[in-house]
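Please read these notes with the structure open beside you. They go chain by chain, then to a hairpin and an interface.

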Amino acid sequence: MKPAQDVLPNVPTCEQDIADLERVWRHPRGIGGWLSYTTHQAIGMRYIVTAFVFLLAGGIEALLMRTQLALPNNTFLGPDRYNEIFTTHGTTMMFLFAVPMMEGFGIYLVPLMLGTRNVAFPRLNAFGYWMYLAGALFLYWGVFTNAAPDMGWFAYTPLSGPQFTPGKRADYWAQMITFTEVSAMCVAAELIATIFKQRAPRMSLNRIPLYVWAMLIQSFMVLFAMPAVMIASSFILSDRTVATHFVNPAEGGDPLLYQHVFWFFGHPEVYIIFIPALGFVSAIVSAHTRREVFGYTAMVLSQIANGFIAFGLWVHHMFATGLPQIGEAYFTASSLMIAITSGVQIFCWIATLWTGRPRFTTALHFVYGFIAIFVLGGMTGVMLASVPLDLQVHDTFFVVAHFHYVLIGGAVFPLMGAFYHWFPKMTGRLMDEFIGKLNFWVLFIGFNLTFFPMHILGLKGMPRRIYTYPPEAGWGPLNHLATIGAFILAIGGAIFLANVFWSRKYGRIAGNNPWDADSLEWAAASPPANYNFEYLPAATSRSPLWVPPEDRTFVTGLRNDRREVLVTTLMDAEPHHRYVLPPPSIWPFLTAVAVTIGFAGSVFNAWYVTWGSILTGICLIGWFWPRRPLELEP
Amino acid sequence: MQKRSLALAALLILSSCAGHQQSVVDPAGPQADRIAALWWFFFWLLVAIFIIVMAFAVWTLTRPNRGLEQEPLEARHRPSEQKETQLRRIVTGATVLTIIILFVLLVFSVGTGKAVSELGNKNNGLAIEVTGNQWWWQVQYLNSDPSQVLVDANEIHIPVGRPVLIRLRSNDVIHSFWVPNLHGKRDLIPSRVTTEWIEADKPGVYRGQCAEFCGLQHAHMILYVIAEPEAKFKAWFQHALQPAAAPSTPITQRGQQVFLNNACVYCHQIQGTTASGQNGPNLTHFGSRRGIAANTLPNTPGNLGGWILDPQTVKPGNHMATIAVNSQDLQPLIDYLESLK
Amino acid sequence: MTEARTLDVSHLRPWEISSQAPLWWGQLFIDFIEGTMFSILIASYFYVRLRVDVWPPPGDQFPHTLLPSLALIPLILSAAGSYWASEAAKKNSRAGMIGGLLLNLVLAGAALAMRLIEWHSINFNWKADALGSYTWAFLGLHTFDYIADLVFTIVLFVIIVSGRYGEKERLGVHVDSVVWYFIVGIWIPIYIVVYWCPYIVETAQ
């Protein structure tokens, strides 16, 4: 039996403890067992793998679009198919890839970084994953039955209303949102509870790793932003299925209301995707430059400010609707202001790179790529904040370029770095560095070749969401270039997958801490045991693993014959009480099935809300039914 | 490296854009001109900032690797207090500079917005109402005198040098009016009226396009703004107010009969005939239009024939019915419509 | 191993029935989510109201205020039952928990009955117009939460009465009271918006 950690040399490993932990935390067997897993590593991996599959799906959709647009008056895709594909591409990337991928990493890493064994609500965690999977499958069921949504990923009314989008297409879209938002809200609630209540002793608020701060802030944003999209999509679904009049103009509903409610979610949504990526950058930069990120307090305050300000920007998506000038000026100011908080973080990272001792690993390559691409995207964002400029380039390929620069540069490049950085922790082997650097350059070149020309296309008058264009518009050559770039990007994706599969079998064995990094996940084995650590570590520094081994502290006294963790206080993380987590359970899966019956069925017949609620109620009773032992031994 | 040369290439391409249709950086009116000026100001300033930030980032690649030393673990990973203080000053300075630059951009942006909005607001009488439909533009020249109200489609004529108020409404979904050479865009929102002032300061034909996704044929909802000197505009306007010329040849007379006896009249109107359908574009002066089907195709007899026979192949999903016109009737119909100058 | 390098926590309780429990915090965040949803609905209601010239829309009668206002009394008092049960849960008093939960259920049930009776007198449904859609959205969503928690409380009641409970179920009683405070608390602004705001923002016909 290998020890759970080998970086606490003054602590002899106790064989009996390890045996108990292995037994208590073992995964249940069989298919029923697999459906009952509640460990955060397993569920985190499920999110990551599933989200990656949907990244590939969205990528294929993108290649189809780019093929159609490569030539003027092209006939590869007709308008209906093209409209379905661009809508599904945006929807997949935003709801089925970006947010779940960030959540998956959070679920995987946060308990490890906090020095605990699992999230605060393991069964809720499992339930959240099943809801995400159900929503994704529900949407793609629609896609493969000629009911893919076709009204744009933000589904403006009245186009998405019953009169102009007949059939089930928009219903699949709207209900998929309900599924994925329920999932996101579960993850947010459990991450905040875990971060607040289950930190390693002495990990006071000013010692929390920057990545964990990012997940904390992002989770709060999810709590307050996701309800808005639930309401917006429910407005649409309800108007379409039970003839209400929330957003349809016929009887007093208001299409602009839909935009306000949607973008109140939509703007924070991009930061919900982006802020965890900033956390990745901090973790990678500190590990691969071997110094703590410069300006911890400034970094934390900037991210918190980012989180708040993000809620005050949404109207910049609506500048063309004819708002009062004073409102426009306010939203320009707030949209510009967020550049300050992002800028501070970039400066701090550059300062860290400047004074650290960087090791130019693949992960660090992606950080540099992030800086180049994201900052350029930020520049175009500043342009878009200006109302007169926005009125020209809104709804053109200039905006498409902007958001791909900030989302791919700002979120996907750090994500790639995160894969290269944490792959050894998750699998026990390092990814190949040579292929990794090749991967980086192919992606970097492919990305810029695809999206830089789009800035020019937008300025040359090419609107978004058009399935074709005439040759006399003069947009052909740049579109052709962008399509070539898109295929190069696809090759980059293939190289990445090749590296993953090759490294899983032949990569160099990593050991616990191949990067000599500072945060607690690197104290666990690679991959971690289900219980993460034999003895939970305490955190007497912001960089606990850079404290000399003989000065480190750890927790004793937790029982190993049940799934027990330590709850600490909010501010200073003083030990407060012990907390027994439930064993694996099939109820989260069954509850998800019940909710799915309700949600999916209600798109076809409103009575399913009732049947689904009853079934869900029964499952919840099973979930919370008292189990033995009723009284806990101390 | 890669980034820089790409940016330069882009600048070259961009500057060759001047003189292009539908281009933001080729203004033909005072509003677009102000906006283009703001664009270049933002562009050069932000390019400079980008280069400076990238220079710092690239510089970090050249910092010497200090190698492993023998100090205790935690101390090894933190540079000296002096260095940290220096960094703190630099980062604070950079932040303050950022705030100042953003404030400057805010002032210029709001200033330009105000200036642009003041360019309109003139009371010299030309107001045009544009109503969006899936997937064509209805154009109505407003006037308090009903006999001076002109209804047209997919083309807007304006006099050079006079501000024109465009009132925007929609009969179905949200569309967006965008003629980049003249101004930014304004949405057409059902149950609301939005407005925009435009003005051309030189004659020309300016292409515009719907810029808010509005369904299947969003890509083919194109309009032209035709700016002419004041006198030419007035002449055109007076001519356009006239009902359609009566067909003068046997073929065109036959064509008119074909039109009036078919379902065409349920949607289209031709002033001076009994055709008064309201669902589709007004065809009174169709012959002098540049394009067919919201400028999906140029207006040629061949294209018109193809359109009439099979609109769904030209513009799949559009709302024009496919009317069975037999081969002897087609050419007269085409000739008649093209004669409506 | 040196004593100074270990932190022994074996003396700590393996359970906690108070706002320090993670479950209490999880429930708080669910309350944030629900509260945000209702806030957005309220904002949307006023946005629509301020864009329309005639309120109520033609043919609609504003909901009556008498029965819903009377129903506030058992509703608010039912929270006292929750409080009683919650305190009893902390002290492990079975009688107190049973008494508190019973009081809560009876009063909450009475308030619900009054609400359902009052619904019959609303002369429009959700399909009628914007006012109908919003009114029934508020009533429907809140009542859904209400009934869900009522069912949950009944199940808890059965478990406590059966004697088959431990610290985990007592924590459940405590957290259930937090849920109930939220459901009662969020009803106040919704009640004002649904029943009183129409009169305040009425336009003369």
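**Notes on the predicted model**

1. Start with chain C. From the N terminus on, its elements run β-α-α-α-α-α. That is 5 helices and 1 strand. Helices (H or I, at least four residues) and strands (E, at least two) are DSSP runs, numbered from the N terminus. The radius of gyration of chain C is 21 Å, well over the 17 Å that the globule rule gives for 205 residues, so chain C is more spread out than a compact globule. This radius is taken over C-alpha atoms, and the rule is 2.2 Å times the number of residues to the power 0.38.

2. A word on the source. This is a predicted model, in which local features need pLDDT of at least 70, side-chain atom pairs count only at pLDDT 80 or more, and totals for chains, interfaces and linings use all residues. Residues are numbered from 1 along each chain as its sequence is written, while chains are lettered from A and ligands numbered from 1 in the order in which they are written.

3. Back to chain C. Its C-alpha trace spans about 80 × 40 × 25 Å along the principal axes. Buried residues make up 36% of its 205 residues. A residue is buried if 20 or more other C-beta atoms lie within 10 Å of its own, exposed if 12 or fewer, and partly exposed in between; C-beta atoms are placed from the backbone.

4. Now look at strand S2 (residues 564-568) of chain A. Here 5 of its 5 residues are buried. Glu564(A), Leu566(A) and Thr568(A) point one way, and Val565(A) and Val567(A) the other. In a regular strand the side chains alternate between the two faces of the sheet.

5. What does S2(A) pair with? Its partner is strand S3 (residues 575-580) of chain A, antiparallel and joined by 5 bridges. Two strands pair if DSSP finds at least two bridges between them. Val567(A) stands opposite His577(A). The hairpin has 6 residues between the strands, and Ala573(A) takes a positive phi near 55 degrees.

6. Which chains touch? Of the 2 pairs that do, chains A and B have the most contacts. Two residues are in contact if their C-beta atoms, placed from the backbone, lie within 7 Å. No contact joins chain B and chain C; their closest C-alpha atoms lie 10 Å apart.

7. Finally, the interface of A and B. Here 73 residues of chain B are in contact with 78 residues of chain A. Helix H4 (81-119) of chain B is among the elements that supply at least two residues of the chain B side. H4(B) gives the most, with 16 residues.
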